[in-house]
Amino acid sequence: MCGILAVHGLEKPSQDRARFIAQSKKLRHRGPDWSGCYVGQKSILVHERLAIVGVDLSLYLDTGAQPLVSENGKVILAVNGEIYNHIALRETVGPDVKFKTHSDCEVIIPLYQKHDTDLCNLLDGMFSFVLLDESVTPPRIIAARDPIGITTLYQGWSSQRPGAVFFASELKALVDDCDKIISFPPGHFYDSKTDTTTRYYKPTWWNGDLDGPEATIPDSPANLTLIRETLEAAVRKRLMSEVPYGVLLSGGLDSSLIASIAARETEKVAQAQYELRKKKLQEISSGPPSPSSNGLVTEEATLASWPQLHSFSIGLENSPDLLAARKAAHYLGTVHHEYVFTVQEGLDALPEVIYHLETYDVTTVRASTPMYLLSRKIKAMGVKMVLSGEGSDEILGGYLYFHAAPDARSFHQECVKRVKNLHTADCLRANKSTMAWGLEARVPFLDKAFLEVAMNVDAKEKQFSKGSQQTFDEDGHPKMEKYILRKAFDCAPGGKPFLPKSILWRQKEQFSDGVGYSWIDGMKEQAAEAISDEAFAKRAERWPEDTPDTKEGYFIRQIFDDLFPSKTAAETAVRWIPRGDWGCSSDPSGRSVSIHNAAYAATDE
């Protein structure tokens, strides 16, 4: 991923070059590898690059430095993200197209020239892009965001620059210039030719959250083989990388499954490389000795160069996640790295975390703080890309409060709403807490093909219960949250199960809980000390809209306002709250759901 800033509709863009380069510098943590700027007739595009694909530095033109420019110099492109099917797409644009770089994003230019805005539906990946077409009068700009909003993108307008439209990967690059800012909607594109924003992503399950007859409520049984194979394919395509990569491993179901699949795929690559090197070894051994090795090229040396998957976890001392991740890593054979942080280290980092997140949502801040700390450690090791497990809970109704859904229809509607709002919560967290250090997080569960399969399963097969109401399958496994995903991977292709039973059937933990329950308790205690009863009693006077309902929420909102004083910034934040009308606590912690402790109590008996 990268950072982009684009402004269209300027009177004299060359005079604004220095200003917008300075604003783009606020995004440089997202793209520390290189910066680029293009000034057009009415536009400025600035790009901060994190090199993941197209990193060959032997020749500048062979890299993916941006903004990218078409062969005729008339179409200019700045992209944040990765296009996983770029090789297949290159084959579709015709033999006359000459690519200038190895970038996976360059294919967007000829796709635009061939398909116009219909190109968006052809892309398989995570992306936000701004494309400038100067071959037409007036110049035209297209901006688009991936279907679910894995990448971040904001759009702004300024009363001081009427007619201009702004785009940026993060809010902080716009707040000084814009008095109206929105989070650009996922699955949409903006076209300056019509000055409209249009939804291009229209999956079959999209209307599932509607109340009327237009609602699409699935009734298809779960195809466990298809669920497993589609997720495997989603992980496989996301291993496209020319730099060191790893997996975030909490020891919970989602991250452990992604790590298991990635470990198997990495082993396949390693085996293929080994066979290739073995063949070369045989060729060398049948010929004259190699001067560089005195004729000693050993099979052991070749084996030592096999790629091996690295995994990363974080938590307080002896936290549930650290212990479970250690067990998962040992089983999967990853090179495991764990970071133990203290509550005080987390509290010290809060202002930085909120600055990068650009939200005051309590859930997001709680979960992002350990992820932010871990990302710094990972990047320091030279790793630039990690796989992560976001999205599964929304798709499959995995949050513990889902047990209170009154019926299957309500369960499915809540899943659809949560998936549609991922860009305000888990995707925002995964993107910004990692990209704060120039680390890219890829999320296989949000693959378009996997979504199409999993979101069309009859919600009756996703529903679950706990305690005395819990039921079991024919193998004695509890019909717990995300049962169909667990069951899909409760197999042993090649003789080895994907995961040990203790992890495959481990109860859901919120990430902010799993890193150690003392973390959330510490945040609450800090807020109780910092916010007086008198100040809290007047919270509605200070924030008449979206009023904090806890001192922790007040504390986080206060830090946010100090960092982003404008009302415009606050209007982009969205709070994550469980369904109150299902009798759930407003506290997003999984521990606040009564069945959480009940389940552990039953386990201990």
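Tutor: Happy to! Let's begin in helix H12, which spans residues 426-435: aspartate 426 and arginine 429 sit three residues apart there, so about one helical turn separates them. Keep in mind that this is a predicted model. The two side chains form a salt bridge, with 3.4 Å between the closest N and O atoms.

Now for pairs that link separate parts of the chain. Arginine 238 forms a salt bridge with aspartate 447, and their closest N and O atoms are 3.1 Å apart. Arginine 238 belongs to the loop between helix H4 (224-237) and strand S13 (245-248), while aspartate 447 belongs to the loop between strand S17 (440-442) and helix H13 (448-454), so this pair ties together parts 209 residues apart in sequence. Both arginine 238 and aspartate 447 are buried.

Another salt bridge pairs lysine 482 with aspartate 393, at 2.8 Å between the closest N and O atoms. Lysine 482 is in the loop between H13 and helix H14 (483-488), and aspartate 393 is in helix H10 (residues 392-396), so the pair ties together parts that are 89 residues apart in sequence. Lysine 482 and aspartate 393 are both buried.

To place these pairs in the whole picture, the structure holds 37 salt bridges.

Note on methods
Residues numbered from 1 in each chain as written. Predicted model: local features only at pLDDT ≥ 70, side-chain atom pairs only at ≥ 80, totals over all residues. Heavy atoms only, no water. Salt bridge = Lys/Arg side-chain N within 4 Å of Asp/Glu carboxyl O. Helix = DSSP H or I, 4+ residues; strand = E, 2+ residues; numbered from the N terminus. Buried < 20%, exposed > 50% of the residue type's maximum accessible area, 1.4 Å probe, protein only.
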